[in-house]
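Good morning, everyone, and thank you for making time for this.

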Amino acid sequence: MDADVPGTVLKRERTRDAVLELIESRSPGDAIPSERALCALLGVSRPTVRAAVDELVAAGLLVREHGRGMFVAPAKITQELVAGDRALGVPQAAGAWSSRLLEFTTLQAGARVGRKLRMSPAAEIVYVARLRLVDGAPMAIEHLHIRAELVPGLSAQELESGDLYDHLRATHGVHVHEAVQAIEPTVVTRAEAGLLDVPELSPALLFERLTSDTTGRPVEYVHSLYRGDRYRIVSRLALGPAAEVAPDLEGHHPGIPPGDFAHGDAITSSTRGDIQAGG
């Protein structure tokens with residue numbers, strides 16, 4: 001790398017690209033050279049290297065471990081939004097997904113959830129909070145609000161194992177059909193940070209979803225918080241006609257537990273206007 005390139009910003013950008021190449025040539029968990037070694041390797045100053053490394057740590061591509069060094073971060077869980085006859089194609093997601101129940105109770109819907117589910121604020125809902133994990137690592141916090149009248153006898157086991165919508169269909173006769181989902185950037189609170197094992201105010205993705213059954217009746221309102229350092233959304237846009245391809249029915253929808261809607265139910269997605277390109 002040319003150490004005489006004028007301009008601090010350009011130096012930092014080229015340093016970042018060089019470190020990024022090192023990351024991409026290694027596997028998750030592999031060590032990368034120390035900041036001192038990178039200075040010698042790239043011919044730039046320590047502050048330039050540190051600024052570039054800080055950016056890659058914040059982006060979730062590098063992990064610093066005190067006393068040990070820097071390592072390639074675990075691979076991000078990537079979800080793909082696909083344009084087509086179905087507003088969302090079913091994307092692939094690596095890893096084994098599981099749930100840990102945090103709270104499970106029945107309570108009154110209240111004004112806000114009642115409006116979303118088109119029911120009286122005094123009507124009962126089942127409220128569920130659960131931690132979603134990938135290969136045992138915390139990935140998201142989900143808050144589910146389900147019409148209590150639709151799920152008598154809903155058990156904790158149904159919420160911790162298998163596909164929730166399979167349980168709703170097989171056990172409770174509830175056939176989900178459509179979900180409208182919005183996504184926006186946010187940061188985690190201290191309590192959320194503790195559950196997700198990230199620093200307070202770390203970036204995150206907030207998913208809000210309203211699920212309806214085959215009659216158009218709202219069944220479930222969910223808001224989920226996904227780690228910004230481990231989760232990313234990729235959009236594939238159809239710019240012209242293409243040959244029909246049978247949908248892949250395996251995988252995991254963003255914000256939706258793996259397996260849900262795996263039986264061909266339709267999904268639509270809306271992204272709020274305050275999401276900026278590259279944000």
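I will go through a sheet, then a helix beside that sheet, and then some salt bridges.

Please keep in mind throughout that what you see is a predicted model. Let me begin with the sheet, which is an open one made of three strands in the order E1-E3-E2, and the pairing in it is antiparallel. Which strands lie at the edges? They are strand E1, covering residues 31-32, and strand E2, covering residues 62-65, and each of these pairs on one side only. Strand E3, residues 69-72, pairs with E1 in the antiparallel sense, and two bridges join them.

Now I would like to turn to the charged side chains. As a general point, side chains of opposite charge can pair when their charged atoms come close. How many salt bridges does the structure hold? There are 15 of them, and I will show you a few.

In one of them, Glu55 pairs with Arg16, and their closest N and O atoms are 2.9 Å apart. This pair links distant parts of the chain, since Glu55 sits in helix H3 while Arg16 sits in helix H1, residues 8-24, and the two are 39 residues apart. Are these two residues buried or exposed? Glu55 counts as partly exposed, because its relative accessibility is 37%, whereas Arg16, with a relative accessible area of 17%, is buried.

Another salt bridge joins Arg147 to Glu149, with the closest N and O atoms 3.8 Å apart. Here Arg147 is buried, at a relative accessible area of 8%, while Glu149 has 53% relative accessibility and therefore counts as exposed.

A further salt bridge is formed by Asp229 and Arg227, where the closest N and O atoms are 2.8 Å apart. Asp229 is partly exposed, with a relative accessible area of 22%, and Arg227 is buried, with a value of 10%.

Terms used: Residues are numbered from 1 along each chain as its sequence is written. This is a predicted model: local features need pLDDT of at least 70, side-chain atom pairs count only at pLDDT 80 or more; totals for chains, interfaces and linings use all residues. Side-chain values use heavy atoms; hydrogens and water are left out. Two strands pair if DSSP finds at least two bridges between them. Helices (H or I, at least four residues) and strands (E, at least two) are DSSP runs, numbered from the N terminus. A salt bridge is a side-chain nitrogen of Lys or Arg within 4 Å of a carboxyl oxygen of Asp or Glu. Buried means under 20% relative accessible area, exposed over 50%, partly exposed in between (1.4 Å probe, protein chains only).
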